Amino acid sequence: MDSKETYIKAAFEKIIPLFRESGLPIDEIDERLQIKFADISPKWAGLCQSRISGYYPQEEHEILISNTIDNGFDAIDVLIHEVCHAIQFHLYGDEVRPHGKEFKVIAEAVGLTGKMTCASANHELGIKIKKWEKEIGVYPHEPSFAKMIERWIINLINYGGSFYILAMIVQYNTP
Ligand SMILES: [Zn+2]
C-alpha cells in the first residue's frame, strides 16, 4: 500500500458487504462519501461530518480518520464506526443524538460493541477485520520527514511562547 488513502479505500470496499448484509443502505451513500486522514482533536479517533448542501440539495459525508492511528486494525475499526454515523444521518438526519438509540441499532447490527461514543469491533467483527487487514497489506504509517520537522517547529514555537509569557510575568511582577 503506497498511501493511507489507498489503504482506507480498499478497507471501505471490504466493509460494504458488512453493511449490506445487515440491511443498512450503504449503497445509497457510498457515492456521496469521502474518507480522509487528518490531524483531528486527540479526543477522537475519527469524525463524520454529514450535511445536506447545494442548489439541488444533496447529502454529503466526510469521514476524517486521525493521523495518529498507526495500524490497519484500528483504522478499519474507526472507519466502520464513522460509516455508522453516515448511515444514521442518511436515515434520520441530524434530528437524533449522535450516539443515541438509533446509532446503537446500526452499530450493533454491524458488530460494534461497548460504550457507544467509542463503540468498536466485537470479537466476531474483530476476526473479520484481521482477515481484511491481511488481504489489504501493510498499513503505511510512517511520519514523513516534513511532518517531523513541522512538529519540531511547532513545539519550539509553543515552548518558546510559554517562556516568553513567563518572562513577561516575571518582569511585570518584579519591582
Ligand atoms: Zn461516534
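The tour of this predicted model goes to one helix and then to a pocket.

**Stop 1: the helix.** Select residues 123-136, which form helix α4. The helix has 14 residues, and the distance from its first C-alpha to its last is 20 Å, close to the 20 Å expected at 1.5 Å a residue.

**Stop 2: its two sides.** Within α4, colour Leu 125, Gly 126, Ile 129, Trp 132 and Ile 136, which are buried. Now look down the axis of α4: the buried residues fall within an arc of 120°, so they line one face of the helix. An α-helix has 3.6 residues a turn, so residues three or four places apart point the same way. Turn to the other side of α4 for His 123, Glu 124, Lys 130 and Lys 134, which are exposed.

**Stop 3: the cover.** What lies over the buried residues of α4? Show α1 (4-21), α2 (72-92), α3 (101-110), β4 (112-113) and β5 (120-121), which are among the elements that cover them.

**Stop 4: the ends.** At the start of α4, select Asn 122 and Glu 124: a side-chain oxygen of Asn 122 comes to within 3.2 Å of the backbone nitrogen of Glu 124. After α4 comes Gly 137, with a positive phi near 110°.

**Stop 5: the largest pocket.** Select Gly 46, His 81, Glu 82, His 85 and His 99, which lie nearest the centre of the largest pocket among its 26 lining residues. The elements giving two or more residues to this lining are β2 (46-53) and α2. Which element gives the most to the lining? That is α2, with eight residues. The volume of the largest pocket is about 580 Å³.

Conventions:
Residues are numbered from 1 along each chain as its sequence is written. This is a predicted model: local features need pLDDT of at least 70, side-chain atom pairs count only at pLDDT 80 or more; totals for chains, interfaces and linings use all residues. Side-chain values use heavy atoms; hydrogens and water are left out. Helices (H or I, at least four residues) and strands (E, at least two) are DSSP runs, numbered from the N terminus. The expected span of a helix is 1.5 Å times one less than its number of residues. Buried means under 20% relative accessible area, exposed over 50%, partly exposed in between (1.4 Å probe, protein chains only). The arc is that of the directions from the helix axis to the C-beta atoms. Contact means heavy atoms within 4.5 Å. A polar contact is a pair of N or O atoms within 3.5 Å; within protein, one must be able to donate a hydrogen and the other to accept it, and residues adjacent in sequence count only if both atoms are side-chain atoms. On a 1 Å grid over the protein atoms alone, a cavity is a set of points where a 1.4 Å probe fits but cannot get out, and a pocket is an open set with protein on both sides within 12 Å along at least five of seven lines; lining residues have an atom within 4 Å of a point. Grid points are joined across faces, edges and corners, and a volume is the space filled by probe spheres set on the points.
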